[in-house]
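Here are my comments on the side-chain contacts in this model. Please read them with the structure open.

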Amino acid sequence: LLQGVGFMMTNILQKNFFDNSVFQYLIAAGTLIIGLLIVKVFKKILLNYLKKLASKTTTMVDDFLIITLEKSVVPILYYGVFYIAAKGLKIPLTIDKIISVAGVSLVTFLTIRGLISIINFWFENYLSKERKNRVISGAETKSFRGILIIIKSIIWGFGVTFLLDNLGFNISAVVAGLGIGGIAVALAAQAILGDLFSYFCIFFDKPFEIGDFIILGEYLGAVEYIGIKTTRIRSLSGEQLVFSNTYLTNMPIRNYKRMERRRVVFKLGVVYQTSTEKTKLISALIKDIIQKMNDVEFDRAHFFSFGDFSLIYEVVYYVKTGDYNKYMDIQQEINLLIKSEFEKRGIEFAYPTQTIYYKGVM
């Protein structure tokens with residue numbers, strides 16, 4: 001009886017369906033089931049353990065890596081199990097080709113998605129850090145998104161090219177044609193591409209930002225907009241100045257927004273008739289006035305020189321802020337106090353005068 005059952009089972013296992021025996025189908029099914037169980041265990045135990053470890057850290061990098069691993073690696077593992085199981089069978093060439101194409105497409109898609117996820121994560125972290133240091137305008141956020149779109153387009157372009165090449169398409173001629181066309185377009189759009197690269201320099205190097213007050217040669221104003229090709233500045237007189245990004249990156253820029261403190265130098269003159277005693281007093285008087293001001297650091301006050309019609313004093317001090325209005329308020333207060341003190345002591349400010357001496361003729 002046992003021999004009969006064994007003989008019957010052997011016959012059943014050796015029966016062929018679509019060029020494969022029942023035994024081969026059972027091995028493929030067993031491989032598939034065991035493989036799926038291994039992936040499930042990996043996903044359930046190892047990934048959950050890594051998630052618990054990541055939840056105990058302050059950084060978000062490990063959380064991101066685990067999520068990327070789950071979204072990109074796990075689907076590849078599932079496909080790998082199916083591929084190994086299918087390769088144990090004799091399958092038609094068409095189906096085998098479909099499985100191979102599906103595998104290459106899946107790996108390419110998941111790789112591209114992983115790279116884009118990494119870039120998105122980096123940009124979001126970058127924006128988060130920037131928001132902690134300063135206020136980011138809507139225009140800047142749009143610029144960030146624009147750069148991200150360009151990078152994603154480039155990655156997808158390379159990914160599709162790689163996929164087509166691995167699927168057997170002859171893309172050499174197409175790539176060569178695109179290369180020649182790209183060179184022609186680059187030569188024709190040299191100025192535009194130069195401005196685009198200059199925009200990336202401004203974006204990452206940050207010589208100035210929106211809201212900064214800058215001076216470019218004879219032009220000055222507040223940065224209003226930073227675009228891919230041009231940057232716009234609102235001048236003090238009200239009109240909008242538009243500069244190409246290449247021009248800005250090639251020009252020396254004076255950024256007053258980033259001035260931590262302002263050095264102030266001013267001169268004043270008193271009449272020659274001022275007595276020597278009062279002349280000695282003026283430097284100490286100015287020093288005392290400036291030292292009592294808030295947000296000011298006194299440097300020096302000296303009897304500087306003999307002018308054409310006055311005794312000239314030079315005064316130097318620092319305002320502990322780059323705010324121009326704050327500086328002007330302080331300078332105005334200093335001027336008023338100096339005038340008041342001079343009036344109390346009878347010290348006269350000089351103004352252009354001429355003294356003519358007549359010599360009588362006998």
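1. Which ring does R261 lie over? The ring belongs to Y318, and R261 lies over its face. The distance to the ring centre is 3.9 Å.

2. A word on confidence. This is a predicted model. The protein chain averages a pLDDT of 80. Of its residues, 81% score at least 70. Among the elements of the chain, strand β10 (residues 311–319) has the highest mean pLDDT, 96. Helix α1 (residues 2–14) has the lowest, 54. Where pLDDT is low, the predicted coordinates should not be read in detail.

3. Salt bridges next. Side chains of opposite charge can pair when their charged atoms come close. The count here is 13 salt bridges. One of them joins D212 to K257, with the closest N and O atoms 3.9 Å apart. This pair links distant parts of the chain, 45 residues apart. D212 sits in the loop between α7 (190–205) and β3 (213–216). K257 sits in the loop between β7 (254–255) and β8 (262–270). D212 counts as buried because its relative accessibility is 3%, and the cut-off is under 20%.

4. Now helix α10 (residues 324–345), which holds both E341 and K344. E341 forms a salt bridge with K344, the closest N and O atoms being 3.7 Å apart. The two residues are three apart, about one turn of the helix. K344 has 63%, so it counts as exposed.

5. E341 has another partner in R345. Their side chains meet in a salt bridge at 2.4 Å, N to O. R345 and E341 are four residues apart in helix α10, so about one helical turn separates them. With 33% relative accessibility, R345 counts as partly exposed. Elsewhere, salt bridges that share partners join E209, D212, K257 and R258 into one network. The D212–K257 bridge of point 3 has both its residues in that network.

6. Aromatic pairs come to 12. A pair of aromatic rings is described by the distance of the centres and the angle of the planes. Y272 and F306 form a stacked pair, 6.4 Å centre to centre, with 20 degrees between the planes. Y272 lies in the loop between β8 and α9 (276–291), and F306 lies in strand β9 (residues 296–306), so the pair ties together parts that are 34 residues apart in sequence. Y272 counts as partly exposed, at 37% relative accessibility. F306, at 62%, counts as exposed.

7. What kind of aromatic pair do F303 and F306 form? The pair is edge-to-face. The centres are 5.2 Å apart and the planes are 70 degrees apart. F303 has 34% relative accessibility, so it counts as partly exposed. Y272, F303, F306 and Y313 form one aromatic cluster.

Conventions:
Residues are numbered from 1 along each chain as its sequence is written. Side-chain values use heavy atoms; hydrogens and water are left out. A salt bridge is a side-chain nitrogen of Lys or Arg within 4 Å of a carboxyl oxygen of Asp or Glu. Buried means under 20% relative accessible area, exposed over 50%, partly exposed in between (1.4 Å probe, protein chains only). Rings of Phe, Tyr and Trp (its six-membered ring) pair if their centres lie within 6.5 Å; planes under 30 degrees apart count as stacked, over 60 as edge-to-face and the rest as tilted. A charge sits over a ring if NZ of Lys or CZ of Arg is within 6 Å of the ring centre and within 35 degrees of the ring normal. pLDDT is the predictor's confidence in each residue, from 0 to 100.
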